[in-house]
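Visitor: I'm new here and would like to learn how to read a few features. Could you walk me through them?

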Amino acid sequence: MTTHADATLRVSAYTIPTDEPEADGTLDWASTTIVVVEAQADTCTGIGYTYAPAAAAAIVEDLLATAIRGIELLDVGAAWEAMSRALRNAGRSGMGWMALSAVDTALWDLKARLLDLPLVNVLDAVHTDVPIYGSGGFTTYTLERLATQLGGWADSGIPRVKMKLGRDPGADPQRLDAVREAIGADTELFVDANGAFGRKCALAWAERYADEWGVSWFEEPVSSDDTEGLRLLRDRSPAALEIAAGEYGDTLPAFCSLAPVVDCLQADVTRCGGYTGLRKVGAVADAFHIDLSGHCAPQLSAHGLAAVPRLRHLEYFHDHVRVESLLFDGVLEPESGNLRPDRSRMGNGLELKRKEAARWAS
């Protein structure tokens, strides 16, 4: 094995239609785009990705591929710092950091494969299993579809599920009734408003969610930019209802602003700087004595979150579960409400299904 050769980056984007129209409290969509980075050296290829517009691929090709030239293959931290510097003028937040995240996760996977080790070992796991919650329940769903999806997760052994709301608050009580009936009394119910409410409206709903439907997790009741609003919700919501935010966080200052005002911090490994960034976010959560919950991208997230000491759980998001199953061989399947990284496979265990992927190339 040589560690002196440059990693060659190959980047591609795929846009996959949803299985039906989807919406949450503030956005609607009909497709999901994933930007896949393959980092190649010797006979090994590491795979990483981000859920971002196809334009993120150009950032990888134009800026990041050049930034990592000449860096030792095993020195992923040095590559991360070089990419961060290269993004200074283009902008580190937003799409730049998502592109960096895709490269970082690919480089970590390449490192593990070069070392002939499972990625979860290289990342220094502290957990064997990563608890998950089923996530979907879009506001476009019929009551039947809503109940079938969330009830199906509960029946399969996933002990917590999440639904979207806030698009039409007047319709939400009927939707919540249908879900609670479908999942039973013992399954935890989470809700996500995606910032749809103002402060006082969110507080009123928080009390109803907890009292009438036994909701225990209220995600983004107000915009994540409204840190004072999040603090208000955290301090004045029912004790049994936790306030969460952080899925849109990218660079570290965003998480440093959110950690003091939520009950549980969230982070997306495909947005927060990859595994290198996730380690930093985990340290922020630790410093504020709160747990960290992973947002989406379950096939990448399971490996990174297994190395987070204060781990709460991982979002097993319907769209990403579907996309990753369509594009990759070697995907992890839930076992008793957990994802367990496969230590019998080197790296993250994923292989791109090139023939199948080609039909969705952007």
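Guide: Let's start with D268, which touches E247, H295 and C296, leaving out residues up to four places away in sequence. Touching, or contact, means heavy atoms within 4.5 Å. This is a predicted model, where local features need pLDDT of at least 70 and side-chain atom pairs count only at pLDDT 80 or more, while totals for chains, interfaces and linings use all residues. Residues are numbered from 1 along each chain as its sequence is written, and side-chain values use heavy atoms, with hydrogens and water left out.

Visitor: Is D268 buried or exposed, and which side chain of opposite charge is nearest?

Guide: Buried means under 20% relative accessible area, exposed over 50%, partly exposed in between (1.4 Å probe, protein chains only). A salt bridge puts a side-chain nitrogen of Lys or Arg within 4 Å of a carboxyl oxygen of Asp or Glu. D268 is buried but has no salt bridge, and the nearest side chain of opposite charge is R271, 4.7 Å away.

Visitor: Why does A357 count as buried?

Guide: A357 counts as buried because its relative accessibility is 0%. Apart from neighbours within four places in sequence, A357 is in contact with Y14, L327 and L352. The C-alpha atoms of A357 and S12 are 9.8 Å apart, although 345 residues separate the two along the chain.

Notes. Lys and Arg count as positive and Asp and Glu as negative; His and the chain ends are not counted.
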